[in-house]
Structures are given as C-alpha cells and as structure tokens.
Amino acid sequence: MLEHRVAGATTTAPPRVRRGPYPSLTTAVAEFGADFAERFTAALQRSWADPMVRRGTLGTSLVAAGSISPAFLPGDTFETPVSPLIGRFGLEWLGTGAGRVFTTILLAVGLALLVDAWLRMRPVHGRKAPSLAWLLWSLPIMVAPPLFSRDAYSYAAQGKIVSRGMDPYAVGPFWVPGPFADQVDPMWVQTPAPYGPLALQVQHAVVQVFPDHAYASALAMRVPALVAVGLLAYALPRLAERYGVSGRHALWLGVLNPLVIMHFIGGAHGDAVMVALVALALLLASRGQLIVAAMTLAAAAAYKQTAVLALIGIVGMALQAQTDLAPGATARLRAMVRHGLTYGGVMALTFTAITQLTGLGWGWVPNLSVPVSLRSMLSPPTFVGSVVEWLMRVGGMPESVAAAPVPIAQTIGLVAGLVGIAWITWRVAPRNPVLATAGAMLVLCASGPVIHPWYLLWGGVLLAAVRLSAAHMRAVVFATLFFVTYGVVDATVSNGTWALGVSAALWMAARLRAHRRRVHEQSDEPVLAVARPRT
C-alpha cells in the first residue's frame with residue numbers, strides 16, 4: 001500500500017475499536033423487543049377491532065363485577081367488621097339479598113354475552129378468530145376473586161407451607177393458621193397437597209411475592225395460568241396445522257372456549273399449565289423432537305400427574321416416524337413397547353431430576369387419594385353408585401349393605417377406564433396420536449370417581465387439534481354450554497338465587513338451538529382416519 005507523506009505531518013492511523021459480542025447482542029435483543037412489541041400491539045388492536053371480541057370483553061367485565069358476592073369471596077368478607085376494601089367503597093349491600101340478586105344477574109348476563117360472542121366467532125364462512133381475543137377476555141377476570149372454585153386459596157396456603165420450610169405432602173393448610181388457612185375450603189384444611197413438586201414450587205414463588213397477603217397470593221395464582229393459556233394459544237394451532245386442521249379453528253375451540261376462560265383463568269387452576277405443556281410436548285413430538293417432547297411431558301407431569309397419559313401420543317408419533325416398521329400386530333407391539341420404554345424412561349429421569357431440584361420428594365404418591373374423598377355427582381360411576389345407594393336406603397337395607405354401591409361402582413368405572421385407555425393406545429394412537437391423547441384423558445376423566453368441569457379440559461382442549469365430524473363438533477359445543485350453565489347455576493345456588501340460574505340454563509339451551517340452525521356445520525369426516533403430521 002502506498003503512503004503519501006506530507007512534510008511536517010504525522011500520519012497516525014486511528015485506533016481500531018475492538019467490538020465485543022455484548023453491544024451487538026444488546027442491540028439484537030432491543031431490536032427483537034421493539035419488533036415484538038410492535039407486532040403485539042398491532043395484533044391487540046386488530047383483535048379489539050372485532051365487535052365480538054368487545055362483546056366478550058364486556059361479558060367477562062360483568063362476570064368480574066358479579067363476582068363481588070358471597071358466592072366467590074371468602075366467607076368473612078361481608079361479616080362485621082367487613083373487609084377493608086368492601087367498607088371503603090361502600091359495597092356492604094352486595095352481601096344482602098338485593099345485592100346477591102344484583103351480582104347474580106351480572107354474572108349470568110356476563111357469561112351469556114361471552115358464550116354468544118364465542119359462538120358467533122366460530123371460524124366458518126371465511127371468518128377468523130382474532131389471535132389475542134383470549135387475552136382481552138382474560139384481563140377483566142384477572143382482578144376478580146377466584147371463580148367457580150376455591151382451589152386458588154388452597155394453592156396460596158400450600159405455597160405458604162413451602163415458604164415456612166414444612167412438608168406440603170405431610171401437613172395441610174391448618175398448619176399455617178391465619179388468613180392463609182381461613183380462606184381455604186373447610187373440606188381441605190386438614191388435607192396435604194396432592195399436586196406435583198413443580199406446581200408447589202410455583203405456588204411458593206407466587207406467595208413469596210405477597211408473603212403477608214393471602215388474598216393477593218390467591219389472585220396472583222392466575223399469572224401462571226395466564227402464561228399457560230398464552231403458551232396454549234401458541235402451541236395448539238400449530239399442532240392442529242401439523243395434522244391438517246385449521247389453526248384458527250383450534251384457537252377458537254381450544255383457547256377461546258368459555259370453559260378455558262372461566263376455569264383456567266377464572267379459577268387459576270394448575271391444570272392450565274399441565275395442558276399447555278402437554279400441547280407443547282405433542283407439538284415438539286410431531287416435529288420429530290421426541291426426546292425434548294418427553295422431557296417437556298415430564299415437566300407437565302411434575303405439575304399435575306395426569307399428563308403422564310400424553311406419553312400415548314408421543315409413542316404414537318414415534319411409530320408414525322418409524323420407517324422400518326414391519327407389518328403385523330407383533331411388530332407393532334414390539335415397537336410400541338420399545339418406544340414406550342425409551343421415551344417413558346426419558347420422562348421418568350427428567351421427572352426425577354425435577355423432583356430432586358425442587359427438594360419436595362415423592363410425598364404426593366400417597367396423597368393421590370385426596371381429591372377422590374369428595375363425592376362428585378358429575379362422575380358417571382359415582383352417580384350410578386349413589387342412585388343405587390339411595391334406592392337401598394329407601395328400601396330399608398342395612399347401612400353396611402347400602403354403603404357398598406358407591407365404592408363398587410367407582411372400582412368398576414376405573415377398571416373400565418383402564419380397559420378403554422388400553423384400547424385407545426393400541427388402536428387409535430398409531431393412526432391419530434393427538435386424538436388418542438385427548439381420548440385417553442377424557443376416558444380417565446369420565447371413569448374417575450370425581451369430575452370437576454375443568455377436568456374435561458384435559459382432553460377437551462386437545463380435541464381442537466383433531467379433525468372432528470359435524471356430530472362430534474356439536475357434542476363439544478353442547479358440552480361447553482352445559483358446563484358453562486352448570487357453573488352459573490352452581491354460583492346462583494351459592495348466592496341463594498337458584499331461579500336465576502335456571503333461567504340462564506334455559507337461555508343457554510335456546511342459544512345452542514339457534515346456533516345449530518345458523519351455522520353451517522363442518523363436513524362429516526371420520527375422526528379415526530389416519531392423521532400424520534405434515535413434513
């Protein structure tokens with residue numbers, strides 16, 4: 001290189017600036033954050049522009065307002081002296097007869113608006129469900145008391161137990177006396193936790209943010225649920241598209257579903273995290289990432305043990321990915337056992353590692369019988385056993401004989417459920433792994449001794465990623481409206497205004513009939529047809 005020197009001048013090259021990786025990384029993160037914020041804001045604006053989204057948001061706002069009632073708030077809220085917030089805003093009258101009627105009307109009208117908006121948003125005739133409608137519908141409920149269940153209060157008490165260094169698998173909320181124990185349903189005050197160790201550590205983390213505020217801790221249990229529904233809104237449509245199902249339809253049926261808003265967000269149930277992680281695990285498995293999928297499934301099971309059943313779907317996807325599978329039942333059985341041991345082993349090792357990291361141990365195993373101590377008339381085996389028990393008591397049978405039908409019916413139900421799950425694993429999983437996972441979870445729910453409405457979402461949400469026939473779609477919509485109505489009636493009974501709940505039930509029935517007349521149903525396609533992920 002030639003240098004041109006000028007007399008009396010010095011030619012000093014400018015110092016070279018050595019750039020490390022951090023400025024560029026910071027810039028990239030900032031650019032990503034700005035781009036994400038811009039796209040998120042645009043999606044939020046597009047969603048809000050939809051009149052049905054605004055109608056649903058009005059509905060959940062009325063639900064939040066109607067939840068300020070004895071049906072949902074802790075029992076002593078309206079007792080003298082009333083809760084400080086109730087007294088500050090002069091809301092004592094909501095605990096009276098007129099106040100209960102008023103809040104019940106708000107609740108029923110709000111859920112009616114939400115259901116109506118959801119039905120009208122069904123993605124037919126070119127309509128698309130807005131991507132962030134679920135978030136806008138959830139925001140008003142985030143500040144409402146725990147809805148349709150008092151489990152969030154139990155979560156807060158269990159988190160407090162962990163924060164005090166006690167074993168949540170050995171002691172119940174009774175051991176944290178004061179506001180944390182007082183909010184818990186009296187039925188569960190003495191019972192230890194049946195949940196997985198990851199769920200308890202998340203509850204612990206939430207309580208650490210509000211260590212002295214039991215009610216705030218219970219409300220904050222919605223934060224993991226909201227994040228989980230966001231993950232579900234990401235994973236479920238993509239899983240559906242992998243199997244040739246409309247992602248918009250999956251978003252509408254599985255994420256915008258009123259039961260998801262009512263129970264996953266409103267009730268702050270840990271089931272939301274479990275279902276979202278299961279959907280993510282199935283999505284990863286459909287992309288061939290089977291090891292990572294099994295590890296994700298372990299995290300879901302560490303939150304709620306029901307997720308173990310999703311191993312059926314992962315095994316089914318592994319079978320579909322196997323190119324050298326010989327024909328015949330024997331070869332398929334060997335392959336299923338091999339895949340089950342492989343990915344089940346990965347899941348077990350990951351679950352053990354999570355358990356070790358949480359430091360909470362395996363005390364949940366003997367506590368799995370805790371939820372079944374409740375007699376649930378929604379459970380078919382329990383209902384049948386209870387009817388037989390009642391007939392025996394009416395007939396004057398001895399108490400020792402009359403007490404037998406319920407446990408016998410529950411045992412028969414569990415055996416039938418296990419047989420059904422085995423059949424689904426063998427016949428359905430190799431053809432349609434997502435349907436097999438959903439079916440196995442629904443069979444477990446239906447055959448179990450206890451059913452809560454949010455239990456149906458274990459498999460019901462995953463059905464959104466399956467190509468359903470018109471008849472099955474009608475069944476899913478009917479079940480959704482039935483259990484929404486059940487929640488309304490249950491709340492109105494708690495408020496002493498059951499007649500309003502019956503009126504809401506009649507409206508829901510009329511709304512479903514009108515919806516069936518208006519909406520063009522999907523083409524009738526068999527749900528057991530072979531469903532393979534797109535490459």
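A salt bridge is a side-chain nitrogen of Lys or Arg within 4 Å of a carboxyl oxygen of Asp or Glu. By this criterion, Arg55, Asp116 and Arg120 are joined in a network of salt bridges. The structure is a predicted model, in which local features need pLDDT of at least 70 and side-chain atom pairs count only at pLDDT 80 or more, while totals for chains, interfaces and linings use all residues. Residues are numbered from 1 along each chain as its sequence is written, and side-chain values use heavy atoms, with hydrogens and water left out.

The pLDDT is the predictor's confidence in each residue, from 0 to 100. Its average over the chain is 84, and 84% of the residues score at least 70. Over residues 1–14 the pLDDT is below 50, and this stretch has one contact (heavy atoms within 4.5 Å) beyond near neighbours in sequence.

The structure holds four salt bridges. One of them joins arginine 120 to aspartate 116, at 3.0 Å from N to O. Both residues lie in helix H4 (residues 97–120), four residues apart, about one turn of the helix; helices are DSSP runs of H or I with at least four residues, numbered from the N terminus. Aspartate 116 is buried, at 9% relative accessibility, whereas arginine 120 is partly exposed, at 38%. Buried means under 20% relative accessible area, exposed over 50%, and partly exposed in between, with a 1.4 Å probe and protein chains only.

Another salt bridge pairs lysine 304 with aspartate 271, the closest N and O atoms being 2.8 Å apart. Lysine 304 lies in the loop between helix H14 (290–303) and helix H15 (311–321) and aspartate 271 in helix H13, so this pair ties together parts that are 33 residues apart in sequence. Both lysine 304 and aspartate 271 are buried.

The nonpolar side chains complete the picture. A nonpolar core is a set of buried Ala, Val, Leu, Ile, Met, Phe, Trp, Tyr and Cys residues joined through side-chain atoms within 4.5 Å. The largest such core has 150 residues, and those touching the most other members are Trp118, Met121, Trp134, Trp137, Leu236, Val278 and Leu297. Helix H13 (residues 271–286) gives the most to this core, with 14 residues. Beyond its neighbours within four places in sequence, leucine 297 is in contact with Val278, Ala281, Ala307, Ala310, Leu311, Ile314 and Met347.

Technical notes:
Helix = DSSP H or I, 4+ residues; strand = E, 2+ residues; numbered from the N terminus.
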